[in-house]
Every structure is written in structure tokens, then in C-alpha cells.
Amino acid sequence: MNLKSLIIATLITYESHAAGILPSDVDPILRSSDFTHAEEVTKQGASVLRLNLTQTGIDKIEILKKVQVKEKLTLEVKGKFYAFKLRESIFGDQIDVGPFSPKIAHKIAEELSA
């Protein structure tokens, strides 16, 4: 483990204990049960996905923002995993995630809609 990993692990452990949440209590991956719809959108010239979250998805992101490195999340799509940045806070029940290449954004949106 390098020094950067050790510092990040220490911060995650400290923040999660301060929040009363153990990192092992939270599934760190957004799964199909965490959102109802996904669509590809272009925002500021970048291809991003707009996800309509379920209440469990909203709760999961709020918890993950407290106990993990704040803006890196993972999305599972038919057994494949995509890392992304949370581009902004949750607005209503939607978040925009990415950026992705246009080809990957379109592919993910299609697979999530199928």
C-alpha cells in the first residue's frame, strides 16, 4: 500500500466512523435497482448519462458521498463496471454522471434501457 492509498483509507475510515456508518455497510456500486431510467445527454460539449434515481439510489449516493472519496462512483451495466465522476449534486431524483465517450454513453444508455 502506498502512502496515498493509506491516507485515503484512513480518511474514509475516519469519515465513516464519524458519520456512524461503516464502509462495509454500503454497496459502493450503483445497480439497476438504484435508478429507473437512463438517457444520454450532451452537457457542455460532453456526453453524460442522466439517471433517474429511486429512493434507494438517492440514499446510496448521499451515504457514499460521506464515506468515500467524494466524487468517484461505479455503475454496473450487465456485469460490466464503469467508473464515473458525479458531475453535480442530485437535482430532484436525477443526477448526471460522466463524462463518457459518445460511443460508450450511447451503449450504456441502450443497455440500461433494454
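**Exercise 1.** Leaving aside its neighbours within four places in sequence, which residues is phenylalanine 100 in contact with?

*Solution.* The model is predicted, so local features need pLDDT of at least 70 and side-chain atom pairs count only at pLDDT 80 or more, whereas totals for chains, interfaces and linings use all residues. Residues are numbered from 1 along each chain as its sequence is written, and side-chain values use heavy atoms, without hydrogens and water. Contact means heavy atoms within 4.5 Å. With that criterion, phenylalanine 100 is in contact with Ser47, Leu49, Tyr82, Ala83, Phe84, Ala105 and Ile108.

**Exercise 2.** Identify the residues of the largest nonpolar core that touch the most other members.

*Solution.* A nonpolar core is a set of buried Ala, Val, Leu, Ile, Met, Phe, Trp, Tyr and Cys residues joined through side-chain atoms within 4.5 Å; buried means under 20% relative accessible area with a 1.4 Å probe, protein chains only. The core holds 22 residues, and Leu49, Leu51, Leu53, Leu75, Phe100, Ile108 and Leu112 touch the most other members. Elements giving two or more residues include strand E3 (46-53) and helix H3 (102-113), both DSSP runs numbered from the N terminus (helices H or I, at least four residues; strands E, at least two). H3 gives the most, with four residues.

**Exercise 3.** Determine how the buried residues of H3 are placed around its axis.

*Solution.* The buried residues of H3 are Ala105, Ile108, Ala109 and Leu112. They cover an arc of only 100° around the axis, and therefore lie on the same side of H3; the arc is that of the directions from the helix axis to the C-beta atoms.

Methods: Buried means under 20% relative accessible area, exposed over 50%, partly exposed in between (1.4 Å probe, protein chains only).
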